[in-house]
Amino acid sequence: MSKPLKVVLWVLIVAGFVFGYAGFIFPDQSPFVHTPPQARYQFQRLHIFLFNLVSGGTILIYFTEGQGRLSRRGWLFLAFSLICSVAAFLDEFVWAILAAVVMVGIVESVRVRFFPRIPLDFFKFSTPVSCKFHYAAVLCLSIGLLLSATVMVNNQYLHLIDLPTLILNNFFLGFSFPLSLITFAVMFSMMHEDTGRWSQILREASFWIVTVGVIVFFVVILLKIFVAELFMAFLLLADVLLIFTLFMRESRHLYQEAFFTSGLVFLVATSLTGILIILWPLWYPHDQGATWELLYRMHAYLSLCGWNLSGLTVISRYPDFPLKVHETGIILAHWATIALLSPLGNLYYLFALTAIPLFAALMWLIFFSPGYGKDGKVRLETTV
């Protein structure tokens with residue numbers, strides 16, 4: 001990865017992290033994830049968008065093209081994703097919709113170049129699961145952009161569907177899914193290929209439960225079907241534990257394993273806090289105070305800056321491993337910053353003032369620490 005791209009990504013990710021604390025600066029902002037729709041500035045859109053769509057989407061294109069540098073197509077995606085993010089933040093929905101449509105075209109041009117036009121490989125047992133996850137990541141990015149544009153058109157102009165949960169901020173969170181899928185793709189590519197049939201069946205099951213399960217989970221959340229939400233949350237937790245077991249048992253023990261292991265622990269913690277959030281109204285139907293806010297925020301940070309950042313770290317520096325840093329120290333600093341300081345920073349500004357420079361320093365080490373590996377082209381196989 002070129003130094004200019006590293007600098008751009010570092011600035012974008014750190015800026016997104018800082019926007020999460022906008023509530024301490026602007027009095028009409030909630031410092032928590034669920035910023036009120038009537039708030040003047042929707043800084044949470046920038047907080048989530050700069051990480052998930054702008055940085056995550058750009059890295060997905062960079063990794064898929066496998067050139068060792070960001071192509072012209074990738075830079076165009078980065079530029080239009082920034083336009084879309086700022087336009088949505090300013091409630092300039094015409095520009096946000098146009099930018100999203102352009103990005104769909106860019107992502108689709110990448111998809112048809114490296115993958116079959118019709119995703120029949122999903123149903124072939126002979127296709128490696130890593131390839132399926134990779135294909136699903138690109139396809140879900142394209143679908144997510146199209147759905148977001150559709151929601152903006154519906155909510156601002158057509159008003160054909162009137163659903164309280166069908167809001168733009170909910171769809172922004174869905175852009176973390178492609179980054180999760182490409183992380184799984186790299187993880188499965190690190191597993192031994194000559195495994196038994198049962199292992200292959202479990203790998204296939206893990207792929208389908210994740211891809212279909214997250215989509216179903218998102219739908220039942222929009223429809224507010226409590227029992228289905230709880231069932232899907234436990235099902236996805238079981239699948240995460242299955243992937244964790246497969247990875248620990250069948251990994252080829254490459255240098256990137258420590259970061260992925262930490263990321264999987266983040267993902268398990270994300271699943272557990274998600275279940276607690278679903279159950280919270282049963283236990284405390286009239287209590288959404290500081291404890292609730294801390295739990296909600298912790299869940300968001302564990303997912304956005306914990307699990308996803310672990311995958312982003314490996315993907316962005318894949319050919320450079322092993323990095324010339326103390327891996328255990330980086331991982332412990334990552335956990336202390338994301339699981340402890342960052343959530344508390346939304347309740348007490350002193351923790352925020354501590355978390356921001358630590359996060360910036362952590363990201364600098366991740367992007368700019370020299371590696372023993374050689375920079376070069378790296379891309380997973382995309383077809384059988």
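## Confidence

The model is predicted. Mean pLDDT for the protein is 86. Of its residues, 91% reach 70 or more.

Two stretches call for care. Residues 28-38 have pLDDT below 50. Beyond near neighbours in sequence, that stretch still has 38 contacts in the model. Residues 375-379 also fall below 50. There, the count of contacts beyond near neighbours in sequence is 17.

## Helix 11 and its partners

Helix 11 (residues 290-316) packs with helix 7 (residues 176-189); their axes come within 9 Å and cross at roughly 55°. That angle makes helix 7 oblique to helix 11. The crossing is left-handed. On the helix 7 side, the contact residues are Ser-176, Leu-179, Ser-180, Ile-182, Thr-183, Phe-184, Val-186 and Met-187. Helix 11 contributes Trp-307, Asn-308, Gly-311, Leu-312, Val-314 and Ile-315. By class, the contact of helix 7 with helix 11 holds nine nonpolar, five polar and no charged residues.

Helix 10 (residues 257-283) also meets helix 11. Here the axes come within 8 Å and cross at roughly 155°. Angles over 145 degrees count as roughly antiparallel, so helix 10 and helix 11 are roughly antiparallel to each other. This crossing, too, is left-handed. The contact of helix 10 with helix 11 comprises 15 nonpolar and twelve polar residues, with no charged ones.

## Helices 12 and 13

The axes of helix 12 (residues 327-344) and helix 13 (residues 349-368) come within 9 Å. They cross at roughly 150°, which makes helix 12 roughly antiparallel to helix 13. Helix 12 passes helix 13 in a left-handed crossing.

Helix 12 brings Ile-330, Ala-333, His-334, Thr-337, Ile-338, Leu-341, Ser-342 and Leu-344 to the contact. Helix 13 supplies Phe-351, Thr-354, Ala-355, Leu-358, Phe-359, Leu-362 and Leu-365. Eleven residues of the contact of helix 12 with helix 13 are nonpolar and four are polar; none is charged.

## Aromatic pairs

The structure holds 21 aromatic pairs. Ring pairs join Phe-115, Phe-122, Phe-123, Phe-133, Tyr-135, Phe-184, Phe-188, Phe-207, Trp-208 and Trp-307 into a cluster. Phe-184 and Trp-307 belong to this cluster. Both residues also take part in the contact between helix 7 and helix 11, Phe-184 from helix 7 and Trp-307 from helix 11.

Terms used:
Residues numbered from 1 in each chain as written. Predicted model: local features only at pLDDT ≥ 70, side-chain atom pairs only at ≥ 80, totals over all residues. Heavy atoms only, no water. Axes fitted to C-alpha atoms, helices over the stretch in contact; angles between N-to-C directions. Helix = DSSP H or I, 4+ residues; strand = E, 2+ residues; numbered from the N terminus. Parallel < 35°, antiparallel > 145°, perpendicular 65-115°, else oblique. Left-handed = near helix turned anticlockwise from the far one by under 90°. Contact = heavy atoms within 4.5 Å. Nonpolar A, V, L, I, M, F, W, Y, C, P; charged D, E, K, R; others polar. pLDDT = per-residue confidence, 0-100. Phe/Tyr/Trp six-rings, centres within 6.5 Å; stacked < 30°, edge-to-face > 60°.
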